[in-house]
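Here is a short briefing for a first look at this structure. Keep the sequence and the 3D view open while you read.

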Amino acid sequence: MQAKKRYLILFSAGASLILLFCFGGIQVPLSGRRDDQSLTGYHPGARWRRLQGYLRAFSTWEKDHDFHEHISPRQKRDSNSGLYTGRRCRMESCFDFSLCEKNGFKVYVYPQQKGEKLSESYQNILSSIEGSRFYTPDPAQACLFVLSLDTLDRDQLSPQYVHNLKAKIQSLPLWNEGRNHIIFNLYSGTWPDYTEDLGFDIGFAMLAKASISTENFRPNFDVSIPLFSKDHPRTGGDRGFLKHNTIPPYRKYMLVFKGKRYLTGIGSDTRNALYHVHNSEDVVLLTTCKHGKDWQKHKDARCDKDNAEYDKYDYREMLYNSTFCLVPRGRRLGSFRFLEALQAACVPVMLSNGWELPFSEIINWNTAAVIGDERLLLQIPSTVRSIHQDKILSLRQQTQFLWEAYFNSLEKIVLTTLEIIQDRVLLHASRSSLMWNSLPGGLFTLPQYSTNLGDFPFYYAKLGTKPYPKFTAIIHMVTPLVSQSQPVMKLLVAVAKSQYCAQVIVLWNSDKPLPAKHRWPVTSAPVSVIEGESKVINSRFLPYNTIPTDAVLSLDEDTVLSTTEVDFAFTVWQSFPDRIVGYPARSHFWDSNKERWGYTSKWTNDYSMVLTGAAIYHNCFCAPSYQHSPMLSPSLRTMVDQMSNCEDILMNFLVSSVTKLPPVKVTQKKQYKETMMGQSSRASRWADPDHFAQRQTCMNKFANWFGTMPLIHSQMRMDPVLFKDQVSILRKKYRDIERL
């Protein structure tokens with residue numbers, strides 16, 4: 001009996017030891033030396049997870065990467081240390097904020113080295129930075145540094161590949177292990193595995209990279225940018241293709257794709273399986289094997305059939321007539337199809353597992369795209385068919401907003417990247433998600449003006465607020481004050497009498513000294529006279545700290561307006577606070593004979609501009625948007641100052657490009673036009689015979705820079721209720737307007 005008990009105890013102990021060993025409770029060294037890796041990140045049960053034969057990985061790429069099974073993305077990022085040393089970098093650990101404290105967020109571009117060639121795309125990136133408000137030529141003032149060495153294409157088989165880049169970068173005196181540097185990259189790795197290794201150690205530098213994976217993306221440090229072609233416009237950019245909304249929002253095709261098919265290698269799995277979903281009716285997914293030099297040697301049994309059907313369809317026609325566009329990964333995670341779908345208002349259906357979508361830090365892509373899973377390809381058609389038409393319309397509209405706000409030009413892509421980093425650096429003045437994801441977008445709602453949503457007219461309706469019920473009048477003067485009977489004196493008195501006038505600012509841009517204070521009339525509203533900065537015409541749109549109101553009434557010195565007209569115009573503006581509201585209207589047209597844009601002051605049935613000689617607009621359009629907005633090149637403002645002309649046209653271009661809406665004209669006033677054209681003062685712009693010709697030139701130069709014509713025609717004119725109705729004049733609120 002005693003022996004049986006001993007045998008039973010020994011058997012139980014042995015069985016327990018075996019179980020502990022199998023479940024990872026006891027670690028047996030594989031060699032005589034200590035395994036350092038077993039101590040790093042070790043947790044009980046790790047060996048159990050790595051046993052073969054249980055729950056094999058679904059995706060094929062994981063078969064040879066057993067170490068990553070059942071490990072979180074963050075653990076994967078930390079374990080892959082082969083790409084660069086700063087894998088765990090974040091702004092707080094690898095960025096020197098002290099460089100930004102004195103001069104703010106300034107960007108320095110290294111001077112180009114002799115003998116170093118730059119691709120056109122990288123040259124455009126550098127030019128966009130140098131033309132921005134962030135640029136500084138002094139490295140001592142810089143917060144961020146950009147290399148003049150081309151890092152866009154790091155595919156060793158590419159002719160754009162720069163050799164010996166590691167040694168060249170290490171020799172830069174300001175490199176400092178990459179701290180406070182940003183590196184732009186479109187292509188990394190090469191055939192057959194296309195890794196994300198750039199071929200040199202980026203150290204502590206940030207990456208602005210296309211096709212970056214969530215595995216290697218460092219949140220709040222790197223910036224994911226879109227993959228764009230070498231033909232992508234540097235400035236301006238094309239408008240989206242959605243001209244009007246259709247209800248229901250369905251098009252000829254439900255889902256389309258047309259592109260290369262890779263027979264083997266990375267990126268081939270999804271594209272090789274597309275034929276299972278293709279039905280030649282409303283789901284048209286076309287691929288071709290006809291690419292590369294030796295495609296015929298490697299073609300499979302489906303290639304000839306696929307190639308024949310591929311040639312039957314026009315890609316542009318498919319793109320414009322499809323509700324959804326499939327965006328599968330290529331050799332790399334990103335694809336040109338992404339931007340093409342956005343522009344065409346074709347809702348992208350993403351099939352690129354692990355891709356960190358462009359500008360994911362600020363853009364909510366769930367409002368503009370369908371995020372699919374490569375492993376669930378067969379479910380994609382039923383998924384997109386189940387999306388409600390209201391949701392489709394919303395997705396389509398958001399694609400157009402995002403395309404025009406951040407992606408339709410290389411300059412906007414670069415500036416969005418810099419604005420994201422600036423928001424990290426100046427966290428207290430960063431923009432909200434609503435500002436980034438709704439009109440007009442983060443590039444216009446500059447934090448230099450405000451970070452409060454209520455200070456911008458675009459959010460009044462969403463917030464249920466209204467603009468401040470007063471205006472500040474700015475009268476632009478260029479002629480000396482020689483008489484008390486000058487039109488400007490009558491204008492000043494009429495404006496100051498308005499019940500909505502908070503104050504009047506006289507902007508003195510004359511070469512003569514400021515008149516004595518007693519020469520100005522005594523008014524109920526305070527009047528202040530200030531000298532314009534540099535005496536240039538653009539100074540009328542500078543952000544003056546003395547403006548306490550949302551509304552700005554802009555006036556030329558020879559404008560003739562009554563108090564009633566001012567009151568009515570401001571009342572109308574309160575209903576349209578995001579537009580220019582005023583009296584003198586002009587229009588543009590396309591001259592097919594000269595193949596250029598024309599400018600006209602003729603009275604027609606429509607208009608597209610309201611001149612700022614007598615107009616009201618929101619203060620956010622001049623503070624600091626007119627001066628610093630990426631939508632306006634400094635070269636355009638310089639041209640306006642040199643000509644002393646066209647500043648009103650440029651302001652109309654800016655507001656229409658931001659709001660996508662026309663201005664609002666109030667009651668027609670023939671006297672305004674006759675008075676302006678009859679001015680005999682030498683200083684009057686209307687007396688200059690070259691004035692009209694200059695404005696024609698401005699129209700075309702502005703349109704060329706914007707890349708499109710942002711001005712929008714309108715036939716709406718706002719008149720007072722009972723205007724010229726056959727009723728007693730005593731019943732009319734703005735009765736004086738009819739007498740003018």
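Met716 is partly exposed, with a relative accessible area of 30%. The model shown is predicted. Met716 sits in the loop between α24 and β23 (717-718).

- Setting aside neighbours within four places in sequence, Met716 is in contact with Phe576, Arg579, Tyr607, Val664 and Lys665.
- Pro662 is 54 residues from Met716 in sequence. In space, the two are 9.5 Å apart, C-alpha to C-alpha.

**The chain as a whole**

- The protein chain has 24 helices and 23 strands.
- Of its 740 residues, 53% are buried.
- Among contacts with a separation of 6 or more, 74% join residues 24 or more positions apart.

**Helix α24**

- Helix α24 covers residues 691-706, which is 16 residues.
- From first C-alpha to last, α24 reaches 22 Å, close to the 22 Å expected at 1.5 Å a residue.
- The buried residues of α24 are His691, Arg695, Gln696, Cys698, Met699, Asn700, Phe702, Ala703, Trp705 and Phe706.
- These buried residues pack against helices α15 (410-425), α21 (634-643) and α22 (647-659), among others. They also pack against strands β18 (585-591), β19 (596-600) and β20 (609-610).
- Just after α24 comes Gly707, with a positive phi of about 80 degrees.

**α24 with α21**

- The axes of α21 and α24 are 11 Å apart, and the helices pack at an angle of about 175 degrees.
- Angles over 145 degrees count as roughly antiparallel, and α21 and α24 are therefore roughly antiparallel to each other.
- On the α21 side, the contact uses Leu636, Met639, Val640 and Met643. On the α24 side, Gln694, Cys698, Lys701, Phe702, Trp705 and Phe706 meet them.
- By class, the contact of α21 with α24 has eight nonpolar residues, one polar and one charged.

**α24 with α22**

- The axes of α22 and α24 lie 10 Å apart, at an angle of about 30 degrees.
- Angles under 35 degrees count as roughly parallel, so α22 and α24 are roughly parallel to each other.
- The crossing of α22 and α24 is right-handed.
- From α22, the contact takes in Asp648, Ile649, Leu650, Phe653, Leu654 and Ser657. From α24, Arg695, Met699, Phe702, Ala703 and Phe706 take part.
- The residues in the contact of α22 with α24 divide into eight nonpolar, one polar and two charged.

**α15 with α6**

- Helix α6 (residues 120-130) and α15 have axes that come within 9 Å and cross at roughly 60 degrees.
- The two helices, α6 and α15, are therefore oblique to each other.
- α6 passes α15 in a right-handed crossing.
- Ser121, Asn124, Ile125, Ser128 and Ile129 of α6 make the contact with Leu410, Glu411, Val414 and Leu418 of α15.
- The contact of α6 with α15 has five nonpolar, three polar and one charged residues by class.

**His476**

- His476 is placed in strand β13 (residues 471-477).
- Is His476 buried or exposed? Its relative accessibility is 8%, so His476 counts as buried.
- Leaving out residues up to four places away in sequence, His476 touches Leu507, Asn509, Ile537, Arg540, Leu555, Asp556 and Glu557.

Conventions. Residues numbered from 1 in each chain as written. Predicted model: local features only at pLDDT ≥ 70, side-chain atom pairs only at ≥ 80, totals over all residues. Heavy atoms only, no water. Helix = DSSP H or I, 4+ residues; strand = E, 2+ residues; numbered from the N terminus. Expected span 1.5 Å × (residues − 1). Buried < 20%, exposed > 50% of the residue type's maximum accessible area, 1.4 Å probe, protein only. Contact = heavy atoms within 4.5 Å. Axes fitted to C-alpha atoms, helices over the stretch in contact; angles between N-to-C directions. Parallel < 35°, antiparallel > 145°, perpendicular 65-115°, else oblique. Left-handed = near helix turned anticlockwise from the far one by under 90°. Nonpolar A, V, L, I, M, F, W, Y, C, P; charged D, E, K, R; others polar.
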